[in-house]
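Let's walk through this one together, from the overall fold down to single residues. Have the viewer open and follow along.

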Amino acid sequence: MKRFAKHAVFYSLLVGLWIILAKLKVWPPYVFPTPQGVLDSMWAGFADHSFWIAIAVSMKRMLLGYSLSVVLGMVLGLGVASNKFLEETMGGLLVSLQSLPSICWLPLAVLWFGLTEKAILFVVVMGSLLSVTIAMETGRQQMPKIYGMAGRNLGARGFKLFWYVLLPASLPYILSGLKQGWAFAWRSLISGEMIFVSLGLGQLLMMGRDLNDMSQVIAVMILIIAIGYLVDGLAFKTIERRLQRKWGLAPAT
Amino acid sequence: MTPNAAQQFPLTSDHRCPIRPSPATRLRPSTAILVVPLRHLHRNGIPKVSLEGISLSYKTNDGSQLLALDNIDLKVKPGEFLCIVGPSGCGKSTLLHLIAGLQPATSGKVLIDDKQVEGTGTDRILIFQELGLFPWLTVGQNVEFGMKMRGISKAERNQQTDYYLRLVHLAQFKDSYTHQLSGGMRQRVALARALASEPDVLLMDEPFAALDAQTRDLLHDELERIWSETGRTIIFVTHNVREAVRLGDRVALFSFRPGRIKREFVIDLPRPRQLEDVTVAKSAREILNELREEINKSLEEQYGYEAVR
C-alpha cells in the first residue's frame with residue numbers, strides 16, 4: 001500500500017506538471033498537447049475501433065514472430081551449445097550480429113519479400129532470434145550438468161531428454177533471455193510498422209505525425225508503453241515468480 | 001597384519017567363487033505390496049556385474065595424460081552388496097559413471113549378466129552424490145520419471161509410484177517439491193526414483209555423505225531392509241570405511257592414482273549390523289590401516305606432505 005501511495009504521488013505530480021506547462025502555453029498545443037487532449041484522442045481511437053484494430057494486428061504479428069524466433073532460437077542455441085566447433089565459431093558471430101539494430105534488416109526484408117507481412121515478420125524474428133539463441137546457449141551451459149546425466153541415467157534420450165529434462169532444467173536460465181527477446185521483438189515491430197505502412201500501432205503513430213495530431217502521437221506512445229509493460233511486467237513476472245516458487249528459489253516473503 | 005586379522009578378513013584372491021544362496025542372515029522380507037520382478041537373479045555362476053580390464057585416462061590441463069583407472073577387474077554376484085572405499089580422487093565415483101554408461105572407458109568392458117553393455121540402460125541406475133532430483137517436478141513425478149520415459153501407462157505408473165513411495169516412507173509427500181524436503185527425505189526420493197526403474201543393479205555414489213549421523217543411521221537400516229526386500233545388486237561407493245563394513249557383503253579398497261583395486265575384504269558379520277558394533281569397528285580398523293597408506297599418497301601428491309599418524 002505504501003508503494004502504491006508513492007506511485008500515486010509521483011504520477012499525480014508528473015501529470016500536474018504537465019497540466020501546468022500546457023496551461024502556460026509555452027509551446028503551441030500542436031507541439032505540446034494537454035493531458036485532456038491526449039485522453040480525448042485515446043477515447044476517440046478506441047471508440048472508432050482504430051486503436052483496437054491496430055493492437056490486434058500488432059499483437060498478431062508479435063505472437064507469430066516471437067513464437068517463430070523462440071522455436072528457431074532454441075534449436076539454434078542448443079545446436080551451438082552442444083557442438084564445440086559451432087560454439088567457437090558461430091558463438092562470436094551471434095554476439096556481433098546482435099550489435100546490428102534489427103530495423104537494419106528491413107531494407108533487406110523488403111527486397112526479399114516485398115512490402116508484405118513476411119517482411120515485417122522477418123524483422124521481428126531477426127530482432128528477437130539472437131537474444132533467444134544466446135540465452136539458450138548460455139542457459140544450456142549454466143544449467144547443472146547433473147540433470148542431463150540423471151535424465152539419461154533414467155532412460156531419457158533424444159527428443160524426450162530435451163523436452164522433459166534439458167528444456168525445463170534450463171528454463172530459469174533462459175527466462176531472462178526470452179524476456180529480452182520479447183522486448184527486442186516489440187521494438188523491432190513498432191519500428192518496422194512505422195517505416196512501412198500497413199495496419200498496426202507503428203503506423204498509427206506515423207498517421208498522427210502526418211495529421212499533425214500530437215495528441216494522437218502521445219496517446220499511441222502511451223499505448224505502446226502500456227502493452228509493453230503488461231506483457232513484460234505482468235506476464236513474464238508471473239511466470240518467473242511461479243517458476244521460482246516451484247524450484248524453491250523464491251525469496252522469503 | 002596379524003595372523004588373527006588375516007583370518008578375520010580373508011583376502012579373496014579369486015572372486016569368481018560360487019554364488020552363495022541368499023544369505024540366511026538377511027532380514028525377512030516384510031509384507032511387500034508388489035512382487036518386484038528380478039531379472040536373472042538365480043542364474044548360477046554368472047556374475048551380475050563384471051568389469052574386465054577397465055581403464056580410463058584423460059588429458060589434464062597441462063596436456064599430460066592422467067591414468068585415472070588402471071585395469072580394473074571386478075565381479076559382483078547377483079544380490080550382492082559391494083562397497084568400494086578409497087581416498088578422494090581415486091576414481092571410484094568415475095567407475096560408477098562408467099558402469100552406468102554415462103561416460104565411456106578408454107579400454108575394457110562392462111558386462112551385465114555376461115552381456116556387454118554400452119551407453120546408459122535402466123538395468124543399472126546410478127544414485128548421484130548430488131542426487132540430481134528434478135526440482136521442477138514433484139516427488140511423485142520424480143519417482144515416476146523413469147517409467148514415463150519407458151512409456152509405461154499412467155495407471156501403472158501411479159500404482160508403482162505409490163508403492164515405492166511407501167517403501168521409503170514418503171507416501172504423504174507425493175505432491176511436494178523436492179526443495180520442501182529435508183536432506184534425508186531427498187535421499188529417500190532418490191532411492192525410490194532409482195528403484196522405480198526396477199534396475200537389477202543399483203549404483204550409489206556416496207549417497208549419505210552429507211547427512212547428519214542420526215539420519216544416516218536410519219537410512220542405513222532402511223537401505224539394508226530395502227536391499228533384502230528387493231534383492232537388488234548394489235555397488236556402493238563411500239569414503240567412510242565404517243559405513244562400508246556396516247553395509248557391505250564385500251569391501252573393495254581402491255588405491256590412489258591410478259585407481260586400482262588394492263585389496264578386497266569379505267565382511268562375514270551377521271546382519272542386521274550397526275555402525276557402533278564392535279565387530280564392525282574392528283573390521284573397519286583393519287581396512288582403514290590399508291586405506292591410510294593410500295590417503296597419505298594422495299595427500300603427498302596434492303599438498304606435498306604426509307598425514308601424521
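How much of the contacts in chain B with a separation of 6 or more do residues 24 or more positions apart account for? The share is 73%, where a contact means two residues whose C-beta atoms, placed from the backbone, lie within 7 Å. Before going further, some housekeeping: this is a predicted model, in which local features need pLDDT of at least 70 and side-chain atom pairs count only at pLDDT 80 or more, while totals for chains, interfaces and linings use all residues. Residues are numbered from 1 along each chain as its sequence is written, and chains are lettered from A and ligands numbered from 1 in the order in which they are written.

Chain B has 8 helices and 10 strands; these are DSSP runs numbered from the N terminus, helices being H or I with at least four residues and strands E with at least two. Of its 309 residues, 41% count as buried. That word has a cut-off: a residue is buried if 20 or more other C-beta atoms lie within 10 Å of its own, exposed if 12 or fewer, and partly exposed in between, with C-beta atoms placed from the backbone.

Where they meet, 11 residues of domain 1 are in contact with 10 residues of domain 2. On the domain 1 side, helix H6 (residues 213–230) of chain B gives the most, with 5 residues. Sorted by class, that side has 7 nonpolar, 3 polar and 1 charged residues. Here Ala, Val, Leu, Ile, Met, Phe, Trp, Tyr, Cys and Pro count as nonpolar, Asp, Glu, Lys and Arg as charged, and the others, Gly among them, as polar.

On to the sheets. Strands of a sheet pair through backbone hydrogen bonds, either parallel or antiparallel. For the pairings here, two strands pair if DSSP finds at least two bridges between them. One open sheet of chain B has 4 strands in the order S2-S1-S4-S5, with antiparallel pairing. Its edge strands are S2 (65–76) and S5 (115–116), each pairing on one side only. Inside that sheet, strand S1 (residues 49–59) and strand S4 (residues 107–112) of chain B pair in the antiparallel sense over 5 bridges. You can trace this pairing residue by residue: B:Val49 has B:Ile112 as its bridge partner in S4(B), and B:Ser50 has B:Leu111. B:Leu111 also has a bridge partner in S5(B), namely B:Gln116. S4(B) and S5(B) run antiparallel, joined by 2 bridges, and they form a hairpin with 2 residues between them. In that turn, B:Asp113 has a positive phi of about 50 degrees.

Is B:Gln65 buried or exposed? This residue of strand S2 of chain B counts as exposed because it has 10 C-beta neighbours inside 10 Å. Leaving out residues up to four places away in sequence, B:Gln65 touches B:Ser57 and B:Lys59.

The other sheet to look at in chain B is an open one of 6 strands with mixed pairing, in the order S6-S7-S8-S3-S9-S10. S6 and strand S10 (261–266) stand at the edges with a single partner strand each, so one side of each has no neighbour in the sheet. Within it, strand S3 (residues 81–85) and strand S9 (residues 250–254) of chain B pair in the parallel sense over 4 bridges, and B:Leu82 stands opposite B:Arg250 in S9(B).

Next, the chain pair. 20 residues of chain B are in contact with 14 residues of chain A. On the chain B side, strand S6 (124–127) and helix H3 (139–149) are the elements that give two or more residues, and H3(B) has the largest share with 3 residues. By class, this side has 11 nonpolar, 7 polar and 2 charged residues.

Finally, hop over to helix H5 (residues 105–113) of chain A. Its buried residues are A:Trp105, A:Leu106 and A:Ala109. Seen down the axis of H5(A), they fall within an arc of 95 degrees, so they line one face of the helix; the arc is that of the directions from the helix axis to the C-beta atoms. What covers these buried residues includes helix H6 (117–142) and helix H8 (158–195) of chain A. On the other side of H5(A), A:Pro107 and A:Leu111 are exposed. Just after H5(A), A:Gly114 takes a positive phi of about 75 degrees.
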